[in-house]
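Please open the structure in a viewer and keep the selection panel at hand.

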Amino acid sequence: ETLKVLGSKMSSQLLLMEYLVRLLNTCEKLTDAARKKLESRQQSAIAGVLSVFRQQLALYLRAEGRRRGRMEKGEKSVEPE
């Protein structure tokens, strides 16, 4: 119900943030053995996918930060939403 009030874009952003927080908390709880297993050669394909995802997420967050900064200053957004 609460998410419907916020609109679809804001709801999607909140859901993504919740997912990322849960993922971060899970990663922080990993033991050293589990971390080494994830970093093994067998898991390198997964590591590559996660690395690309991390880079794309960082670019998105930087772009959003710039866009919001411009909007706070009263400038119009020229980037697609």
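Select helix 4 to begin: twelve residues of the lining of the largest pocket come from this helix, the largest share. Helices (H or I, at least four residues) and strands (E, at least two) are DSSP runs, numbered from the N terminus. The model is predicted: local features need pLDDT of at least 70, side-chain atom pairs count only at pLDDT 80 or more, and totals for chains, interfaces and linings use all residues. Residues are numbered from 1 along each chain as its sequence is written, and side-chain values use heavy atoms, with hydrogens and water left out.

Next, display the largest pocket, whose volume is about 870 Å³. A pocket is an open set of points on a 1 Å grid over the protein atoms alone, where a 1.4 Å probe fits, with protein on both sides within 12 Å along at least five of seven lines; lining residues have an atom within 4 Å of a point. The volume is the space filled by probe spheres set on the points.

Then select Leu20, Leu23, Phe53, Arg54 and Leu57, the closest to the pocket centre of the 25 lining residues. Helix 2 (8-28), helix 3 (32-38) and helix 4 (44-72) each give two or more residues to the lining. Coloured by class, the lining shows 16 nonpolar, four polar and five charged residues; Asp, Glu, Lys and Arg count as charged, Ala, Val, Leu, Ile, Met, Phe, Trp, Tyr, Cys and Pro as nonpolar, and the others, Gly among them, as polar.

Move on to arginine 67, also placed in helix 4. Is arginine 67 buried or exposed? Arginine 67 counts as buried because its relative accessibility is 7%, and buried means under 20% relative accessible area (1.4 Å probe, protein chains only).

Finally, select the whole protein, which has four helices and zero strands. Buried residues make up 6% of its 81 residues.

Key: Buried < 20%, exposed > 50% of the residue type's maximum accessible area, 1.4 Å probe, protein only.
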